[in-house]
Amino acid sequence: MTVEVEDFSTNEKIFYPADALNTADTPLAEGGAGTLAYYEPWGDVVMFYGDYSPNPSLYALGHVVSGNELVSEMTGTITICAAD
C-alpha cells in the first residue's frame with residue numbers, strides 16, 4: 001500500500017485509507033511506539049512513534065517489524081507492506 005503520510009500531534013503519523021475499514025472482531029490497540037492502528041471516528045490509520053493513551057475507538061492493525069526509530073522521520077509518500 002502506498003500512501004501520503006502526515007504529522008499529527010507529537011507522537012504519530014497518519015494517513016487516510018481509500019475506504020473505511022471494518023473493525024468487527026478487531027482488538028483494541030494496546031501497544032506503545034511502533035503500533036499501527038485505525039482510529040474509527042476519523043477513518044485514519046495511525047503509526048505511533050511515541051507512547052499513547054488507550055482509546056476505545058483505536059483498533060490494532062499491526063506493529064512495526066523493523067525501522068521503528070525511523071517512523072518519526074517519515075514524510076511524503078511511503079509504502080507499507082505486510083510482513084510474512
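View 1. Strands are DSSP runs of E, at least two residues long, numbered from the N terminus. S5 supplies the largest share, three residues. A pocket is an open set of points on a 1 Å grid over the protein atoms alone, where a 1.4 Å probe fits, with protein on both sides within 12 Å along at least five of seven lines. Lining residues have an atom within 4 Å of a point.

The model is predicted: local features need pLDDT of at least 70, side-chain atom pairs count only at pLDDT 80 or more, and totals for chains, interfaces and linings use all residues. Residues are numbered from 1 along each chain as its sequence is written, and side-chain values use heavy atoms, without hydrogens and water.

**View 2. The lining of the largest pocket has no charged residues.** The lining counts 22 residues. By class, 17 are nonpolar and five are polar. Nearest the pocket centre lie Leu36, His63, Val64, Ile80 and Cys81. The volume of the pocket is about 570 Å³, taken as the space filled by probe spheres set on the points.

**View 3. Nine residues form the largest nonpolar core.** They are Val3, Val5, Phe15, Leu36, Tyr38, Val45, Met47, Val71 and Ile78. A nonpolar core joins buried Ala, Val, Leu, Ile, Met, Phe, Trp, Tyr and Cys residues through side-chain atoms within 4.5 Å. Buried means under 20% relative accessible area, exposed over 50%, and partly exposed in between (1.4 Å probe, protein chains only). Strand S1 (2-8), strand S3 (35-39) and S4 each give two or more residues to this core. Another core, of eight residues, lies apart from it; Ala37, Val46, Tyr52 and Leu58 are among them.

**View 4. Phenylalanine 8 and tryptophan 42 pair edge-to-face.** Their ring centres are 5.6 Å apart and their planes stand at 80°. Rings of Phe, Tyr and Trp (its six-membered ring) pair if their centres lie within 6.5 Å; planes under 30 degrees apart are stacked, over 60 edge-to-face, the rest tilted. Phenylalanine 8 sits in strand S1, tryptophan 42 in the loop between S3 and S4, 34 residues apart. Phenylalanine 8 is partly exposed, at 32% relative accessible area. Ring pairs link Phe8, Tyr39 and Trp42 into a cluster.

**View 5. Phenylalanine 48 and tyrosine 52 form a stacked pair.** The centres are 3.9 Å apart, with 20° between the planes. Phenylalanine 48 and tyrosine 52 are both buried.

Conventions: Helices (H or I, at least four residues) and strands (E, at least two) are DSSP runs, numbered from the N terminus. Ala, Val, Leu, Ile, Met, Phe, Trp, Tyr, Cys and Pro count as nonpolar, Asp, Glu, Lys and Arg as charged, and the others, Gly among them, as polar.
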